[in-house]
Amino acid sequence: GSNCFIKNFQGTLKNLVFENCEFIDTEGGNPIGGIICHASLTQTGYTVIDNCHVRNTTVQSAGDCGGIVGTIKECIIRNCSFTDGTVATGRSVCGGLIGKNNSWSRIENSYFVGNIMDLSGNSTVLGGIIGYSDSHEIKNCYAVLMESNVPEKVAGIVSDIRTAGTISNCYSLYPQVICLDS
C-alpha cells in the first residue's frame with residue numbers, strides 16, 4: 001500500500017506540521033503525498049486542507065505525487081506549504097504541492113520551496129504547485145524550485161492543464177548559480 005499519513009480523506013484538516021519524514025511508495029503506482037494520498041469531495045461539500053505544512057521531507061512514488069496531497073478532487077487547499085524537501089516521481093505526475101487535480105479545486109495562499117525530481121527521466125508532467133490539473137483556481141501562490149535533475153521539464157505553477165482554470169497573483173522562480181570559466 002501507500003505510505004501516507006492519511007490514505008483517503010474527506011472533510012476538514014487543519015493545523016498540521018510534518019518535519020523530517022519520508023513518504024515513499026515502494027509498491028509503485030500509488031498516489032502519495034506528504035500528508036494525504038487522496039482527498040476528495042464530501043457528501044456535504046468540498047474537502048478543506050488548511051494551514052498544513054511539510055518541512056524537510058521526501059515524498060516519492062512511481063505514481064502521482066505531491067508535497068501535500070498526491071491526488072485531489074474538488075478540494076480547497078489554503079495556507080499550506082512544502083519547504084526544504086524533495087518531491088520525486090518515477091514515471092507519472094508530480095507537483096510541489098499537489099500531484100494531480102482530477103476535478104475543480106482551489107489552491108490559495110500556499111507555496112512550495114524545494115526540489116522536484118524525475119527518477120526515470122520519462123516524466124513530463126512536473127509542476128511547481130500542481131502537476132496535472134482538470135479545472136482549478138490558484139491564487140496568491142508561489143513555487144521556488146531549488147534543484148531538479150530535469151529543470152527544463154518543470155513548469156512554474158501547473159504543468160498540464162486539461163480544462164481551463166484561473167491563476168492569479170502567482171509566481172515561480174528557479175534560482176541557480178552559473179559559474180563561468182574565465
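Colleague: Which residues does Ile107 touch, not counting residues up to four places away in sequence?

Modeller: Contact means heavy atoms within 4.5 Å, and by that rule Ile107 touches Ile72, Ile77, Leu97, Ile98, Ile129, Ile130, Glu137, Ile138, Lys139 and Cys141. Before going on, please note that this is a predicted model, in which local features need pLDDT of at least 70 and side-chain atom pairs count only at pLDDT 80 or more, whereas totals for chains, interfaces and linings use all residues. Residues are numbered from 1 along each chain as its sequence is written, and side-chain values use heavy atoms, with hydrogens and water left out.

Colleague: How many residues does the largest nonpolar core have, and which have the most contacts inside it?

Modeller: A nonpolar core is a set of buried Ala, Val, Leu, Ile, Met, Phe, Trp, Tyr and Cys residues joined through side-chain atoms within 4.5 Å. Buried means under 20% relative accessible area, exposed over 50%, and partly exposed in between, with a 1.4 Å probe and protein chains only. The largest such core here has 41 residues, and Ile36, Ile49 and Ile107 are those with the most contacts inside it.

Colleague: Which cysteines does a disulfide join?

Modeller: A disulfide is a covalent bond between the sulfur atoms of two cysteines, and the criterion applied is a pair of cysteine sulfur atoms within 2.5 Å. A search of the whole structure finds one disulfide, which joins Cys4 to Cys37 with an S to S distance of 1.9 Å. The torsion about the S-S bond of Cys4 and Cys37 is about 110 degrees, so the disulfide is right-handed. Cys4 lies in the segment before β1 (6-9) and Cys37 in strand β5 (residues 36-40), so the pair ties together parts that are 33 residues apart in sequence; strands (E, at least two residues) and helices (H or I, at least four) are DSSP runs, numbered from the N terminus. Both Cys4 and Cys37 are buried.

Colleague: In what order do the five strands of the open sheet stand?

Modeller: Strands of a sheet pair through backbone hydrogen bonds, either parallel or antiparallel, and two strands are taken as paired if DSSP finds at least two bridges between them. Here five strands form an open sheet in the order β4-β8-β12-β16-β20, with parallel pairing. At the edges stand β4 (32-33) and β20 (154-155), each with a single partner strand, so one side of each is left without a neighbour in the sheet. Two bridges join β4 to strand β8 (residues 65-66), and the bridge partner of Ile32 in β8 is Cys65.

Colleague: How many aromatic pairs does the structure hold?

Modeller: A pair of aromatic rings is described by the distance of the centres and the angle of the planes. Rings of Phe, Tyr and Trp (its six-membered ring) pair if their centres lie within 6.5 Å, and planes under 30 degrees apart count as stacked, over 60 as edge-to-face and the rest as tilted. The structure holds six aromatic pairs, and among them Tyr46 and Trp104 form a tilted one, 5.2 Å centre to centre with 55 degrees between the planes. This pair links distant parts of the chain, with Tyr46 in the loop between β5 and β6 (47-55) and Trp104 in the loop between β13 (98-101) and β14 (105-108), 58 residues apart. Tyr46 is partly exposed at 41% relative accessible area, and Trp104 is partly exposed at 24%. Tyr111 and Tyr142 form a stacked pair, 5.0 Å centre to centre with 5 degrees between the planes.

Colleague: Where is Asn20 found, and is Asn20 buried or exposed?

Modeller: Asn20 is found in the loop between β2 (12-19) and β3 (22-24), and with a relative accessible area of 54% Asn20 is exposed. Phi of Asn20 is near 55 degrees, a positive value in a residue other than glycine.
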